[in-house]
Amino acid sequence: MALSTVEVRPHSIKLTGQEQPVITSARSSDSAIRPAPTQGQGKAAPPSSYSVSSIMLSQGQQNATAVQIANKSLQFVGKELGHIKRALSQALTQGDVPVAELGERLEQSKKRIINELDGARYDGKRVIDNELQVKLDSADMRRFIVPGLNVNRLSERPEEIRLDFPQGRSVMIQFDGQSDGQRLVKQIDRILIPLGMRASLHDDGSVVFETDERTYKQMQNKVMVTGEGHRFPAGQANLFTVKPQPEGISELGFNLASRDGIKRTIARVNQHLQQVQKSLEHAREFSSDLTVKMDSIQNQGKVLSTDEVNQALDTFVDSSGEFTSTYKALNAQANLRRHSVVALLK
């Protein structure tokens, strides 16, 4: 019988990374990745817990608080306007109400409204403007026009006009008789920016100025204007009364001298009451939309707490022992000699 010989040479099959793996906990002090050393001997700063979702949630909560403040103030304003309308209606039907006494009562109600609006603030900023609209970012701003300052008025006549505002602030406006209204107002706007004011163009061609509430009150509805005899008188500066654009609750007046005057006053009060109702509806809609968005952000951007992270790490460390044992067994089986495999097959 012929015998055959087989030469058995040693072979080794190794898995990648044959060496024994080292698995360490992310909380271990001997971790291979260490934070950069801090200068000095102060305490290490805690890890940042900020995220996009947490910032958005924080902003949403701030807006929700501001809207709640606005909602409460609007309800107060609505009640006071209701008292004013009731008193005016009684004066209209009875006709023998003392005008001086009624006027004083109405002015007191208006004063309470103004104080309420001025106190309705979040983070130092008003949340309801003079038109009784909820504005979380620009309720402190007031807009006005200077009568006669219109880009369509004598547009072909060049004229240099000087406006003097409170605290020594002044601006020179150059009508060259050639530039269109949009370009001219943009130039005025650039000049006013260093003064903390802005300018825009109204549909009728009037130049609309915008400034903060504090500066507007300092003006006391007055501005000094000097021209060259075309749009405004030349020589000595003239005092002009600015006109709010548009008029709001601060400009509410009480004409009690006649029935027609009382009717016009009631009509204006009704306009303010309608605006209060609209603002309350907008505030409710804003709150509802904000709640939905905040819930969505909270669900999508949920961040694990410290306890949850530690629990996950503990589970990982506990299971790492079983993983290491399995890995070693696989490694040992892969490194069997070929003759051992042949022997096992026999």
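Let me start with a definition. Rings of Phe, Tyr and Trp (its six-membered ring) pair if their centres lie within 6.5 Å; planes under 30 degrees apart are stacked, over 60 edge-to-face, and the rest tilted. With that rule, ring pairs link F144, F165, F209 and Y216 into a cluster.

Now, two words on the source. This is a predicted model, where local features need pLDDT of at least 70 and side-chain atom pairs count only at pLDDT 80 or more, while totals for chains, interfaces and linings use all residues. Residues are numbered from 1 along each chain as its sequence is written, and side-chain values use heavy atoms, with hydrogens and water left out.

Back to the rings. The count comes to 4 aromatic pairs. Take F144 and F209. They are stacked, at 5.5 Å centre to centre and 20° between the planes. Strands here are DSSP runs of E, at least two residues, and helices are runs of H or I, at least four, numbered from the N terminus. F144 lies in strand β3, residues 141-150, and F209 in strand β7, residues 206-212, so this pair ties together parts that are 65 residues apart in sequence.

F144 is buried, at 0%. F209 is buried too, also at 0%. Next, F232 and F240: this pair is edge-to-face, 5.3 Å centre to centre, with 85° between the planes. F232 is buried as well, at 3% relative accessibility.

On to the sheet. Two strands pair if DSSP finds at least two bridges between them. Four strands form an open sheet in the order β6-β7-β3-β10, with antiparallel pairing. Which strands stand at the edges? They are β6 (198-201) and β10 (243-244); each has a single partner strand, so one side of each is left without a neighbour in the sheet. As background, strands of a sheet pair through backbone hydrogen bonds, either parallel or antiparallel. Look at β3 and β10: 2 bridges join them.

Helix α3, residues 181-192, lies across β6 and β7 and runs at about 170° to β6. That angle is between N-to-C directions, from 0 to 180 degrees, with axes fitted to C-alpha atoms, for helices over the stretch in contact. Contact means heavy atoms within 4.5 Å.

Now N150, in strand β3. N150 is buried, at 15% relative accessibility. Leaving aside neighbours within four places in sequence, N150 is in contact with F175, D204, G205 and S206. A polar atom of the N150 side chain lies 3.1 Å from the backbone oxygen of D204.

One more residue, S109. It sits in helix α2, residues 99-119. S109 is buried, with a relative accessible area of 6%. Beyond its neighbours within four places in sequence, S109 is in contact with E80 and I84.

Finally, the whole protein. The secondary structure comes to 7 helices and 10 strands. Buried residues make up 29% of the 346 residues. Among contacts with a separation of 6 or more, 65% are between residues 24 or more positions apart.

Conventions. Buried < 20%, exposed > 50% of the residue type's maximum accessible area, 1.4 Å probe, protein only. Polar contact = N/O pair within 3.5 Å; in protein donor to acceptor, adjacent residues only side chain to side chain.
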